[in-house]
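Hello,

Here is the structure I promised to pass on. Have a look at it, and then read on for what was found in it.

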Amino acid sequence: MIKNIGVFCASGNQINHQYFDEAAILGDWIGKTGRTLVYGGANVGLMEKTAQHVKKHEGKIIGIITYKICTLGKKSSLPDQQIVVNDLSERKQKMIDLADIFIALPGGFGTLDEIFTVIASAQLEYHQKHVIFCNTNGFYNNLLNQIEIFYKQRFASEKYLNNYTVAKNISECITIIENIESKQ
């Protein structure tokens, strides 16, 4: 079973409610299936919404938060285990160490940084962990088009296509994880 689900996502509260709905569905699934959420540990945005729904179903939560974010008063009270790290690099590495797979919900620069760190480090065979882009409302379409240019112009080898999958919504993300598990 894929136990620890790493989630990268928006930390802002001013985004479309549909993204919050998707985060809630993901949190419900993680909690109901006895999995563990591994995430950024902040009390805002899709991060907090996902954690709220994991907690609602008595799922386990590991928050990995930087000292700086704590000093801004954005530390969530929901994690069962809260790991405070020095910086974003340490946070990403800790998430890679602890999660079995990653789901990238819509997010901003931090989310992109996290996604590409996981994919790039998988390219170099530091791990074999997979990223699933949750492409709700086509959120990642332009980014995925740019990635396609990487392949077409030979800036990336097509073998790296195995490091990530694109799902049209959170339900499809869940199905992808369940299909991976059924092959283990």
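**What was found**

C70 is partly exposed, with a relative accessible area of 21%; here buried means under 20% relative accessible area, exposed over 50%, and partly exposed in between, with a 1.4 Å probe and protein chains only. Before going further, please note that this is a predicted model, where local features need pLDDT of at least 70, side-chain atom pairs count only at pLDDT 80 or more, and totals for chains, interfaces and linings use all residues. Residues are numbered from 1 along each chain as its sequence is written, and side-chain values use heavy atoms, with hydrogens and water left out.

To stay with the cysteines for a moment: the sulfur of C70 is 16 Å from the closest cysteine sulfur, in C9, which is too far for a bond. C9 itself is buried, at 8% relative accessible area. Over the whole structure, the search finds zero disulfides (pairs of cysteine sulfur atoms within 2.5 Å). For C9, the nearest cysteine sulfur belongs to C134 and is 10 Å away.

Now the overall picture. The protein has seven helices and seven strands; these are DSSP runs numbered from the N terminus, with helices being H or I of at least four residues and strands E of at least two. From the N terminus on, the order is β-α-β-α-β-α-β-α-β-α-β-α-β-α. The C-alpha trace spans about 45 × 35 × 30 Å along its principal axes. A compact globule with 184 residues would have a radius of gyration near 16 Å, and the 15 Å of the protein agrees with that; the radius is taken over C-alpha atoms, and the globule rule is 2.2 Å times the number of residues to the power 0.38. Of the 184 residues, 49% are buried.

Next, the salt bridges. Side chains of opposite charge can pair when their charged atoms come close. The search of the whole structure finds four salt bridges, each being a side-chain nitrogen of Lys or Arg within 4 Å of a carboxyl oxygen of Asp or Glu.

- D80 and K55 meet at 3.0 Å, N to O. D80 lies in the loop between α3 (67-71) and β4 (81-85) and K55 in helix α2 (residues 45-56), so the pair ties together parts that are 25 residues apart in sequence. D80 is partly exposed at 46% relative accessibility, and K55 is partly exposed at 28%.
- D113 pairs with K92, with the closest N and O atoms 2.9 Å apart. D113 sits in helix α5 and K92 in helix α4, so this pair joins parts that are 21 residues apart in sequence. D113 is partly exposed at 33%, whereas K92 is buried at 13%.
- K168 pairs with E172, and their closest N and O atoms are 4.0 Å apart. K168 is exposed at 57%, while E172 is partly exposed at 27%.

Finally, where is the space in the largest pocket, and what lines it? The largest pocket holds about 360 Å³. Of its 23 lining residues, S11, M47, R91, G110 and E114 are the closest to its centre. The elements giving two or more residues to the lining are β1 (4-8), α4 (88-98) and α5 (109-123). The largest share, five residues, comes from α5. A pocket is an open set of points on a 1 Å grid over the protein atoms alone, where a 1.4 Å probe fits, with protein on both sides within 12 Å along at least five of seven lines; lining residues have an atom within 4 Å of a point.

Definitions and conventions:
Points joined across faces, edges and corners; volume = space filled by probe spheres on them.
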